[in-house]
Amino acid sequence: MLYRSLAQRFSSVASQMPFSFRTHTTVGIGGEAPLAFFPEHTEECVRIVRFLQSEEVAYCVLGRGSNVLVSDSGFDGVVLCTSGMKDIRCGRDAVYAECGAGGGRDGAEVRSSEWRPKTVWAGSAFSAGSLPPSAVLCT
C-alpha cells in the first residue's frame, strides 16, 4: 500500500512496480524492490529524495547498473534510477552534468570546443576530446 501511494504521489515521474535488479544491472543478478522511480531531471530526484527522507522510507540510488551486486532477496525500499538524467549545461565557469550524462554513449557529450575551463585541474588531460562518464560527479 505504501509503495502504491508513493507511485501515485509522484505520478509525473516514470515508475515501475515491482522493479527487477536482474534486468537493470550489467551482472544480471539480484532480486526485486517494490518500487523504482526513473527521474529525468535533478528537481524530480530531489523532490522524491526529500519526501522519502521525511517519511523515513528506505531508498537507494542506481545509475546504469554497472559494478553493482544486489542480493537475490532484493531490497525493501524505493530505487531511484538516475540513468535517464542526461542534461548537460555549460555555465560560465563549470560544466554541470546530471548522473546519466555520459561520454557519447547516449549522444550526450561536451566537446572541448564548446567549453573551455578558466581553471585546469591537474590530471585533466583526459578532457581533450570529451568528458568521460567517470568525470561526472553525482551527489
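Start by selecting Leu 69, which you'll find in the loop between β5 (59–62) and β6 (78–81). Those element names come from DSSP runs: helices are H or I with at least four residues, strands are E with at least two, and both are numbered from the N terminus. Keep in mind that this is a predicted model, where local features need pLDDT of at least 70, side-chain atom pairs count only at pLDDT 80 or more, and totals for chains, interfaces and linings use all residues. Residues are numbered from 1 along each chain as its sequence is written, and side-chain values use heavy atoms, with hydrogens and water left out.

Leu 69 is exposed, at a relative accessible area of 68%. The cut-offs are these: buried is under 20% relative accessible area, exposed is over 50%, and partly exposed falls in between, using a 1.4 Å probe and protein chains only.

**Zoom out**

Walking from the N terminus, the order is α-β-β-β-β-α-β-β-β-β. Of the 139 residues in the chain, 32% are buried.

**The sheet**

Colour β1, β4, β6 and β5 next: in that order, these four strands form an open sheet with mixed pairing. At its edges are β1 (14–16) and β5, each pairing on one side only. On average, neighbouring strands of the sheet are turned by 25° against each other, direction ignored. Angles like this run from 0 to 180 degrees between N-to-C directions, with axes as lines fitted to C-alpha atoms, for helices over the stretch in contact.

Go in at β1 and β4 (residues 35–38): they run antiparallel and are joined by three bridges. To count as paired, two strands need at least two DSSP bridges between them. Select Ala 14 and you'll see Phe 38 of β4 standing opposite. Then step across to β4 and β6, a parallel pairing over three bridges. Here, pick Ala 36, with Val 79 in β6 opposite.

**The cysteines**

A disulfide needs a pair of cysteine sulfur atoms within 2.5 Å, and a search of the whole structure finds zero. Cys 60 is partly exposed at 22% relative accessible area, whereas Cys 81 is buried at 3%.

**Two last stops**

Jump to Arg 9 in helix α1 (residues 2–9). Arg 9 is exposed, with 51% relative accessible area. Draw a distance from its C-alpha to that of Ile 48, 39 residues away along the chain, and it reads 9.5 Å.

Finish on Ala 97 in strand β8 (residues 95–97). Ala 97 is partly exposed at 27%, and its C-alpha is 8.7 Å from that of Met 85, twelve residues apart in the chain.
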